[in-house]
Amino acid sequence: TFAWAGERWSVEPYVQADYLDEYGPPSGFGDRMSGVEIGVPVYRRLGGLRLQLAGYVTVVPSGYVRDANGSAGGSARRVLPWAAAGVVYERE
């Protein structure tokens, strides 16, 4: 976590990797890497509220997972950028 301005602002970057290890996944390592996600949430504290604005990129290296996503009506793309906004109430 990186914070500034008396901790009213903060950034919490992260990286997450997902690996298929159950439900009969394919045998090759490349097809088991179901996703690598990089996220950069930015937070602004306003009293008991914490506002969040975040940008993310998910990379789906597995062709097996992309095909399964596409067959289920989702995106079959390799790179999926997305964003989120939220409000969290925290009791002080």
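Residues are numbered from 1 along each chain as its sequence is written, and side-chain values use heavy atoms, with hydrogens and water left out. The model is predicted, so local features need pLDDT of at least 70 and side-chain atom pairs count only at pLDDT 80 or more, whereas totals for chains, interfaces and linings use all residues. Helices (H or I, at least four residues) and strands (E, at least two) are DSSP runs, numbered from the N terminus. Residues are called buried under 20% relative accessible area, exposed over 50% and partly exposed in between (1.4 Å probe, protein chains only).

Arg50 takes part in two contacts. A salt bridge is defined as a side-chain nitrogen of Lys or Arg within 4 Å of a carboxyl oxygen of Asp or Glu. By this rule the structure has one salt bridge. Arg50 forms a salt bridge with Glu12, and the closest N and O atoms are 3.6 Å apart. Arg50 lies in strand E5, while Glu12 lies in the loop between strand E2 (9-11) and strand E3 (14-19), so the pair ties together parts that are 38 residues apart in sequence. Side chains of opposite charge can pair when their charged atoms come close. Arg50 is buried, at 16% relative accessibility. Glu12 is partly exposed, with a relative accessible area of 24%. The charged end of Arg50 also sits over the ring of Tyr43, 3.8 Å from its centre. A charge is taken to sit over a ring if NZ of Lys or CZ of Arg is within 6 Å of the ring centre and within 35 degrees of the ring normal.

Aromatic contacts were searched next. Rings of Phe, Tyr and Trp (its six-membered ring) pair if their centres lie within 6.5 Å; planes under 30 degrees apart count as stacked, over 60 as edge-to-face and the rest as tilted. Two aromatic pairs are found in the whole structure. Tyr56 and Trp82 make a stacked pair, at 4.1 Å centre to centre and 15° between the planes. This pair links distant parts of the chain, with Tyr56 in strand E5 and Trp82 in strand E6, 26 residues apart. Tyr56 is buried at 10% relative accessibility. Trp82 is partly exposed, with a relative accessible area of 39%. Ring pairs join Tyr14, Tyr56 and Trp82 into a cluster.

Leu46, Leu49, Leu51, Val87 and Tyr89 make a nonpolar surface patch of about 480 Å². Strand E5 (49-59) and strand E6 (79-89) are the elements that give two or more residues to this patch. Patches are made of residues with over 30% relative accessible area and no salt bridge; like charges are joined within 9 Å, and nonpolar side chains (Val, Leu, Ile, Met, Phe, Trp, Tyr) within 5 Å. Accessible areas come from the Shrake-Rupley method with a 1.4 Å probe, and for residues only the protein chains shown count as cover. Leu51 belongs to strand E5. Leu51 is partly exposed, with a relative accessible area of 31%.

Strand E4 (residues 33-46) holds Pro41. Pro41 is buried at 4% relative accessibility. Val40 is partly exposed at 39% relative accessibility. Val40 and Glu12 are 28 residues apart in sequence, yet 6.2 Å apart from C-alpha to C-alpha. Glu37 is a further residue of strand E4. Glu37 is buried, with a relative accessible area of 14%. The C-alpha atoms of Glu37 and Val59 are separated by 6.3 Å, at 22 residues apart along the chain.

Pro81 lies in strand E6. Pro81 is exposed, at 55% relative accessibility. The C-alpha atoms of Pro81 and Thr58, 23 residues apart along the chain, are 6.3 Å from each other.

Helix H2 has features at both ends. At the start of helix H2 (residues 63-71), a side-chain oxygen of Ser62 comes within 3.3 Å of the backbone nitrogen of Tyr64. Just after H2, Gly73 adopts a positive phi of about 95°.

Note on methods:
A polar contact is a pair of N or O atoms within 3.5 Å; within protein, one must be able to donate a hydrogen and the other to accept it, and residues adjacent in sequence count only if both atoms are side-chain atoms.
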